[in-house]
Amino acid sequence: MKTNQVGAPRMNEKDLVMVTVMGQIAHPIGRPNPYRIGYDGVPRILPGTGGIAINQRVGNRCVGLAGDHIEPGVSLHNNNREIVGDKNGPNLALLTYCCVGNIAQVVTGPCAGKQGVVTGKHGGIEHLLIDFPTDVLRRLRIGDRVQIFSFGLGLHLPDHPRIQAMNCSPRLIRRWGVRADKQCLHVPVTHLVPAKVMGSGIGQNNAIRGDYDIQLFDPKTTRRFNLDTLRFGDFVAIIHSDSRFGRAFRHNAITIAVVVHGDSTISGHGPGAMALLTGDRRCLIPIRDRNANLAQVLRIRQLPPLRQFTPLIKLS
C-alpha cells in the first residue's frame, strides 16, 4: 500500500494496473425530431451531447446555458469493434476503465501529442468526457483519436471498509483534499444535494459507468440547496444516496459525486452527477468548500466563483 500526503487515506495504488484505452471525438447526434419537450410542455431546439464544446470547460456554470445535457470539453466514443464480445465492447471498456484524473493524449490530427484529463462519464449516450486547454479545443477535429492511460479501476481504501471508491484515479484522491480521521473520511464539496431530486440514471445496476441527474424543477428546493450555482466539475454530496450496487435511496448512506454535464428542460433530467465515493454517512463526511471543483483540484484552470443562474426553463 502507498502512503500519501499527511492526512490523506491510504490506497492500494501499487496493486493497480494501468491499461491503455482509446476513443474518437464523437459527432454531435441529431434526432429525427429536433424538438425536446420540456416539463413545461414547451418544445425547444438546442445544442445537445457530443462534439467539442469549445467555450465550456470544467469550472464553468452548468445552469442557464442555451443547451441540453451539454458536455464540457471533448466527448469521446470508441466506435471500433473486436472479433469477440459485444459490438460495443470497446466503448464499454473505455467507460469502465477510465477514471477522473487520468491523462489523455491526442494521437492523430493537428493536436497530436497534446494532453488533457478525464473529467467524467455521461450515461445513456455513453460518452467519456475530456478537458483540454481552449487553444487545443479550437484545433481538435471530430474523429481525432485520443488515448487514455487508465489507472484507478480496482482502487480501494484499506482503512475505510465502509466506503467504496469508484471512477477515482489515485491522483484525484491525493489532490482532492480528502482527510482521513480514524474510520472517517472528510471530503470537500461545494453543495449538498437531497436524494429526492435525483432523476434520470436511477435504476442501473452499477454506478461505475454513467451518471444520474439533479433535477432543478422545484424552485424552493433549488434555492434552499443553491443548486442554481452548480458548475461543471463541482464535487457534490448526495444525501441518503447509496451507489455501491447501482443508485438507490437509502438512509444513512451518502454519495460524493462530480458534476459531469449540464442542465436539461426534460422531466427527470438536469445536471449529471457521477459517483466517486459512496458508503455509510457516519463515515463519509462532506465539508463545504466553494473551491471543491476539478478545475481547482487538478490545477486545470482558474476557477470562476460560484454565481446564481436561472435555469433555462425559467428563461423561455
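Which side chain meets that of Arg57 in a salt bridge? The partner is Asp131, with N and O 2.7 Å apart. A salt bridge here is a side-chain nitrogen of Lys or Arg within 4 Å of a carboxyl oxygen of Asp or Glu. Arg57 sits in the loop between S4 and strand S5 (73-77), and Asp131 in strand S8 (residues 127-131), so the pair ties together parts that are 74 residues apart in sequence. Both residues are buried, a term that means under 20% relative accessible area, with exposed meaning over 50% and partly exposed in between (1.4 Å probe, protein chains only).

The model is predicted, so local features need pLDDT of at least 70 and side-chain atom pairs count only at pLDDT 80 or more, while totals for chains, interfaces and linings use all residues. Residues are numbered from 1 along each chain as its sequence is written, and side-chain values use heavy atoms, with hydrogens and water left out. Helices (H or I, at least four residues) and strands (E, at least two) are DSSP runs, numbered from the N terminus.

**Salt bridges**

Side chains of opposite charge can pair when their charged atoms come close. The whole structure holds 11 salt bridges, including the three tabulated here.

| Pair | N to O distance |
|---|---|
| Arg10 and Asp159 | 2.9 Å |
| Arg57 and Asp131 | 2.7 Å |
| Arg282 and Asp280 | 2.7 Å |

In the pair Arg10 and Asp159, Arg10 belongs to the segment before strand S1 (19-25) and Asp159 to the loop between strand S9 (145-150) and S10, so this contact ties together parts that are 149 residues apart in sequence. Arg10 is partly exposed at 29% relative accessibility, and Asp159 is partly exposed at 32%.

The salt bridge between Arg282 and Asp280 joins an exposed residue, Arg282, at 57% relative accessibility, to a buried one, Asp280, at 12%. Salt bridges with shared partners link Arg162, Asp280 and Arg282 into one network.

**Nonpolar core**

A nonpolar core is a set of buried Ala, Val, Leu, Ile, Met, Phe, Trp, Tyr and Cys residues joined through side-chain atoms within 4.5 Å. The largest one has 37 residues, of which Leu172, Trp176, Phe235, Ile256, Leu276 and Leu277 touch the most other members. Elements that give two or more residues to this core include helix H3 (170-176), strand S16 (235-242), strand S17 (248-261), strand S18 (272-280) and helix H5 (294-297). The largest share, 4 residues, comes from S17.

Strand S17 also contains Val258, which is buried at 0% relative accessibility. From Val258 to Gly268 the separation is 10 residues in sequence and 19 Å in space, C-alpha to C-alpha.

**Surface patches**

Patches are made of residues with over 30% relative accessible area and no salt bridge, with like charges joined within 9 Å and nonpolar side chains (Val, Leu, Ile, Met, Phe, Trp, Tyr) within 5 Å. Accessible areas come from the Shrake-Rupley method with a 1.4 Å probe.

Tyr35, Ile37 and Ile45 make a nonpolar surface patch of about 320 Å². Ile45 lies in the loop between strand S3 (43-44) and strand S4 (52-53) and is exposed at 53% relative accessibility.

A positive surface patch consists of Lys196, Lys220, Arg223 and Arg224. Lys and Arg count as positive, and the charge is placed at NZ of Lys and CZ of Arg. Lys196 is in the loop between strand S13 (191-194) and strand S14 (200-203), and is exposed with a relative accessible area of 59%.
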